[in-house]
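Hi everyone, thanks for coming. Please have a look at the structure on the screen, and I'll walk you through it piece by piece.

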Amino acid sequence: MKYLDEYRDGDVAARIVAEMRRIQTRPWVLMEVCGGQTHSIVKNGLDQLLPEGVELVHGPGCPVCVTPLEMIDRAHAIARLPNVIFCSFGDMLRVPGSDGDLFTIKSEGGDVRVVYSPLDCLKIARANPAKQVVFFAIGFETTAPANAMLAWRAREEKLNNVSLLVSHVLVPPALEAILASPENRVQGFLGPGHVCAVMGYGEYLPISANYKVPIVITGFEPLDILEGVLMTVKQLEEGRAVVENQYSRILDQTGNLPAQKLIGKVFEVSDRKWRGIGTIPHSGYRLRQEFAAHDAEKLFDVADILTLEPEICISGEILRGIKKPHDCPAFATLCDPQHPLGATMVSAEGACAAYYAYGRHLKPQGAGKLHQIAPDLAPASAGAALVSGGRA
Amino acid sequence: MCLAIPGKVIDTYDQNGLRMARVQFGGITREACLEYVPETKTGEYVLVHVGFAISKVDEAEAERTYQALKELDQLSELESPFVEDFQDSDTAVLIPPAKGSSGNEIP
C-alpha cells in the first residue's frame, strides 16, 4: 500500500542502523511515547537491530492501558443496564474490570456494540430512540476530534439519547511527569506522531527546552521509528536538545486547526487518573458544562465506583520507562493477555502484551541488553532463560 | 489505539450535513469524515483514524523523506574521514566529516 510499504524496506533500515553505529559513542536511553510505536518496535524486532547501548523503553501512550480500572468498572455498570446500548472501540471489549469484560456482559444479554467511528453512535441512536446510547470515549489527542464530533453532533441534532463516558488523556503532562521524577532514565523521546497530527508540536518546545531533552516527533512504520531513533541519537551525541519532526509527510508544527477548534468547543482540560501512574494534573479532557446532557458520568450514577489495582503489578514503573516487562515476576506467569493484572498487559499496544504476543517471554533476547546494563533488575526466571541461550 | 492509516480518497459527498468520503486502503474501501481536512480532493491521500481524516499526506514530503533515507549510505560514505597517504606526502590532510552539509538531515 502506498505510504506504508515504502517505509518497511529492509535495505533502507540496515542503512539507518549503520549510520547509527557510525555516530554513536556511548549508551543512551530513549522512550517511544506511543503504544502504536511500541507495538511496531516489538513486532518488527526494531529494538534488537539497534547498536549495543541504544536502549528503547516503552512509554505511557496506550490509552486503553492507562484507562483506570474504576473507569472500566463504571463502563460495565452502565453497559449492564437494561435500557442501554453501550458502544465502544473494539480495543476496550477485552479489557477486564473487577467482574468480567464487555464480552461477558454481551454474552449475558447486555447490548454492547463495537463501532468503527464514533459517528456510528448517531446512526444507532436515530434507529433506537427509546434506548440510551452510551459511547466509551477514551483516547489521546488523536481520538479527541472524532469523539468531540460525536458530542457536537448529538447536541446539534438534539439526540438526547446519546451520551459519552469520557476518559481522555493528554501526552505532554505525562512526559513532564516522567521527566520530573527523580527515578527518570529517559534521555530522549520519540514523540507521538498521530497525536501531533492533531495538536502540532508547539506544546513540546517548552518541555524539550526546560528539561534539555531531545524530542523527535516520529511515525509508526519501521523506517519512521529507526529514523526517529537516529535523529534522537544524533541530537544526544551532538549535545543538542530540540524538537524535530521525522513525520513531516503527515504533520507540521501547527497541527490540524479545525480539529483543535472543535476539541476546544467540546472539551476542557481536567485532572485525570492514569492506570498504573495515578492522578496527573491537567492531563485529560472532560466535557464542557454545555454538554452536560450528553455526559454519561452525570446521567448515570457511577462516579462513586472506585477500584484498587493488584499490588504485584509494576506497570506504573514500565509506563515511566523505569522497568521493562521482564523485570516483573508476574510477567507470563501470573499475568498474561487472558488474565492481565495491570495496564501494560490489557491492550495489544501495552508493552507487556506486545512482549507476550511476539514471544519475548519464550526467548527474551530483548531483555538481554537491559540485563547487561542493570543485572540486578533481572528476575531469576528471565535470568536463567538468558543463561540458557536467550541471545542465540 | 492511535492507529491511523493512509488511504486514497475515491469520492466525496455530504451526509447529514457532514463532509464525508469513500477512502480506499489497499483492497478495502471505508467511509471517513472529512470535516477536519475539508479542502481534500478526490485522488489525494488522507490519514484516517477511527473514521476521521485527521491529516492530508504531503506527497512531496513523503517522497523527500524516503529518498533521503535511501541515499543515507552513499551520503554517509561522503561524510567519512578522508585520509591522504601522509607517509609519502608533504601535504597530508585529515578532512573531517562535513556535518550538516550532506542534505540528508530532516529539519
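Before we go on, please keep in mind that the model is predicted.

Where they touch, domain 1 of chain A contributes 33 residues and domain 2 of chain A contributes 30 residues. On the domain 1 side, the elements that give two or more residues are helix H2 (35-44), helix H3 (46-49), strand S2 (54-61) and helix H4 (63-66) of chain A. The largest share comes from H2(A), with six residues. If we sort the domain 1 side of this contact by residue type, we get 16 nonpolar, nine polar and eight charged residues.

Now let's step back to chain A as a whole. Chain A has 19 helices and 11 strands. Its C-alpha trace spans about 65 × 45 × 40 Å along the principal axes. How does the radius of gyration of chain A fit a compact globule? With 392 residues, such a globule would have a value near 21 Å, and chain A has 21 Å, so the two agree. Of those 392 residues, 56% count as buried. Also, among the contacts in chain A with a separation of 6 or more, 76% are between residues 24 or more positions apart.

Next, chain B. Here, strand S1 (residues 5-15) and strand S2 (residues 18-25) run antiparallel and are joined by seven bridges. One pair to find on the screen is B:Val9 with its bridge partner B:Val23 in S2(B). Two residues lie between S1(B) and S2(B) in this hairpin, and B:Asn16 in the turn has a positive phi of about 50°.

S2(B) then pairs with strand S3 (residues 28-33) of chain B, again antiparallel, over six bridges. There, B:Gln24 stands opposite B:Thr29 in S3(B). This hairpin also has two residues between its strands, and B:Gly26 in the turn has a positive phi of about 55°.

Finally, how many residues does each chain bring to the contact between them? Chain B gives 31 residues and chain A gives 47 residues. On the chain B side, H1(B) gives the most, with six residues. That side divides into 20 nonpolar, six polar and five charged residues.

That's my tour, and I'm happy to take questions.

Technical notes:
Residues are numbered from 1 along each chain as its sequence is written. Chains are lettered from A and ligands numbered from 1 in the order in which they are written. This is a predicted model: local features need pLDDT of at least 70, side-chain atom pairs count only at pLDDT 80 or more; totals for chains, interfaces and linings use all residues. Two strands pair if DSSP finds at least two bridges between them. Helices (H or I, at least four residues) and strands (E, at least two) are DSSP runs, numbered from the N terminus. Two residues are in contact if their C-beta atoms, placed from the backbone, lie within 7 Å. Ala, Val, Leu, Ile, Met, Phe, Trp, Tyr, Cys and Pro count as nonpolar, Asp, Glu, Lys and Arg as charged, and the others, Gly among them, as polar. The radius of gyration is taken over C-alpha atoms; the globule rule is 2.2 Å times the number of residues to the power 0.38. A residue is buried if 20 or more other C-beta atoms lie within 10 Å of its own, exposed if 12 or fewer, and partly exposed in between; C-beta atoms are placed from the backbone.
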